[in-house]
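Student: I would like to go through the terms used for this model and ask what each one rests on.
Tutor: Go ahead; we will take the terms one by one.

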Amino acid sequence: MEIVTMKDVVFGYGDVPSLVNASLAIRQGEFVALTGPNGASKSTALKLMLGLLKPWGGTVQLTERHPEGRALEIGYVPQQIAAFNSGFPSTVEEFVLSGRYHRSGWLKKLKPEDRRKVEEGLRRVGMWDFRDRRIGELSGGQKQRVCIARTLAQEPDFFVLDEPITGMDKDSRMSFYSLMEEQVRDRGCTVLMVTHNLEEIRGRLDRIIELTKREDGGWKCCTTTSCKGHFAPAG
Amino acid sequence: MEMLHYDFMQRAFCAGGMIAILASTLGVYLMLRRQALMADMLSHVSLAGVAAGALIGFNPTLAGFITAVLGAMAVEYVRRSYKSYSEISVAIIMIGGMSIAVVLMSLDKHLTRSFSSYLFGTVVAVNGTELLLLAFVTVAGGLFFFLFRRPLYLLAFDEETARTAGVPVDRLTFAFSILTGMIVAAAMPIVGVLLVSSLIVLPAALANRLSRSFTWAIVLSIAIGLTGVFTGLTASYQLSTPPGGTIALVLLVIWLIGTGIHRGWRHFGKKKTEQAQANMQGSANAEGSWLAPEQPL
């Protein structure tokens with residue numbers, strides 16, 4: 001089952017098209033990397049898939065339902081999210097808890113389960129001891145971990161991660177890849193991640209989608225390379 | 001407490017308290033969305049409504065209220081056209097509001113005399129309509145902020161992640177803008193066009209700086225707003241100074257003292273932390289390791 005499909009999508013900024021006739025499909029249970037040089041419209045492609053941008057032409061279809069019938073939960077980590085307003089008055093725990101709001105309901109009381117998921121997310125990324133800190137006081141790498149903890153607490157079906165490893169050291173990056181691999185293998189999630197560090201992650205991926213330059217200057221999807229994954233994708 | 005024996009002072013405290021609660025809460029969200037100047041802009045737009053209302057013989061307070069709400073809707077519309085420069089929408093609508101107000105004022109010479117009451121407010125002369133309108137806005141605003149506190153938190157942090165998390169961003173932003181217009185318009189006849197933003201910006205600016213958590217930022221902002229309004233009203237009564245200006249001045253003094261104490265505290269705290277880190281070889285500030293999937297939590 002396809003989670004998202006783009007067909008002949010054209011999009012640009014101003015009058016200049018940057019993505020031209022881009023087509024791709026992400027299937028349920030895949031671990032996919034989206035790559036390409038700087039300025040290749042990778043973040044734009046993600047935003048188009050999520051409906052945050054409207055294409056000039058072509059079609060984008062994002063499924064609204066999980067195969068089990070419930071609404072599809074999307075965990076999106078935008079590029080540079082960790083560079084948020086350092087004056088934002090929120091504790092780390094409060095921030096990660098906000099990842100549970102959609103699942104728990106906008107008006108309903110939060111359950112012990114929600115608190116447990118927050119603790120789980122923070123412990124996974126090694127930030128539980130920072131739960132009472134103000135988020136603006138953290139370093140860039142720590143903020144990035146907290147943003148990932150929030151996405152984990154959200155328990156999404158579809159992870160959409162725009163350069164999530166920015167500011168992380170090698171050990172953290174490896175741990176992060178294992179974590180995402182676990183989400184695909186054990187929870188049947190779909191992971192789409194923009195990254196430049198292909199060499200580090202290639203062996204864990206199902207596919208790599210590359211944005212390549214066209215002769216007329218725009219970027220097109222997509223050279224799709226099949227990878228030899230370490231696991232059989234779920235679903 | 002002799003002043004509270006007077007009917008007009010009771011009404012002033014009642015109206016001031018309601019505005020302090022609403023404006024201080026609104027201020028936290030406006031500041032985090034980088035729209036602190038929106039209140040200033042809407043109060044100027046509201047002035048155009050007041051002038052139009054007076055000119056055509058319609059209740060100026062209600063006319064100002066309706067215009068501020070329309071202005072809030074317009075600013076949201078223009079903001080979507082200038083996504084990267086949202087302050088431009090504030091400037092454009094403010095120019096429109098002010099220019100209309102000035103032209104309308106010039107058409108009615110009697111109007112300009114009562115205009116100073118809108119510019120500087122008349123909290124001690126709050127009339128029944130204004131109090132009723134304020135009570136309605138307080139109930140509507142209180143319900144809005146309570147019921148939508150979670151989506152508003154997500155919206156204040158980041159619009160894009162809020163949207164993907166299922167927040168109806170456009171509708172919520174629209175409702176928020178309308179409520180902003182309502183709060184500004186209800187507060188304007190009482191504290192005045194020139195001072196309405198002091199009640200929205202100053203308590204929130206200090207609370208956002210001092211609070212560790214979002215909930216506390218709102219609680220503290222309300223507490224600062226109430227302290228400023230009640231102290232300002234008392235000082236205004238005792239010293240026979242204009243209430244709107246006195247309230248704004250008291251809030252400014254609270255902000256200055258609060259910011260000074262916070263800076264001193266941070267400086268002192270930083271030194272202590274550095275010393276502690278030196279003693280513990282920096283381990284106090286180090287994050288833990290990632291847990292591997294097979295590791296127990």
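Student: In this predicted model, what makes β1 and β2 of chain A a pair of strands?
Tutor: Pairing requires at least two bridges between the strands. Residues 2-13 (β1) and 16-27 (β2) of chain A are joined by 8 bridges, so they count as paired, and they run antiparallel.

Student: What lies between β1(A) and β2(A) in the hairpin?
Tutor: The turn has 2 residues between the strands. A:G14 in that turn has a positive phi of about 70°.

Student: How do you know that β1(A) also pairs with β4(A)?
Tutor: The same cut-off of at least two bridges applies. β1(A) and β4 (residues 57-62) of chain A share 5 bridges in the antiparallel sense, so they pair too. One of the contacts is A:V10 with its bridge partner A:G57 in β4(A).

Student: Which residues line the largest cavity?
Tutor: Its lining has 16 residues, with A:Y76, A:R150, A:Q154, B:T161 and B:A165 nearest the centre. At least two lining residues each come from β5 (74-77) and α5 (140-154) of chain A and from α8 (159-164) of chain B. By class, the lining divides into 7 nonpolar, 8 polar and 1 charged.

Student: What makes B:L55, B:I56, B:F58, B:I66, B:L70, B:V103 and B:L107 a patch?
Tutor: Patch residues need over 30% relative accessible area, and nonpolar side chains are joined within 5 Å. These residues form such a nonpolar patch on the surface, with about 690 Å² of accessible area together. Helices α2 (38-56), α3 (60-81) and α4 (86-107) of chain B each give two or more residues to the nonpolar patch; B:I56 is in α2.

Methods
Residues numbered from 1 in each chain as written. Chains lettered and ligands numbered in written order. Predicted model: local features only at pLDDT ≥ 70, side-chain atom pairs only at ≥ 80, totals over all residues. Heavy atoms only, no water. 1 Å grid on protein atoms, 1.4 Å probe; cavity = no way out; pocket = protein on both sides within 12 Å on 5 of 7 lines; lining within 4 Å. Helix = DSSP H or I, 4+ residues; strand = E, 2+ residues; numbered from the N terminus. Nonpolar A, V, L, I, M, F, W, Y, C, P; charged D, E, K, R; others polar. Patch = residues over 30% accessible without salt bridge, like charges linked within 9 Å, V, L, I, M, F, W, Y side chains within 5 Å. Areas by Shrake-Rupley, 256 points an atom, 1.4 Å probe, with all protein chains shown as cover. Salt bridge = Lys/Arg side-chain N within 4 Å of Asp/Glu carboxyl O.
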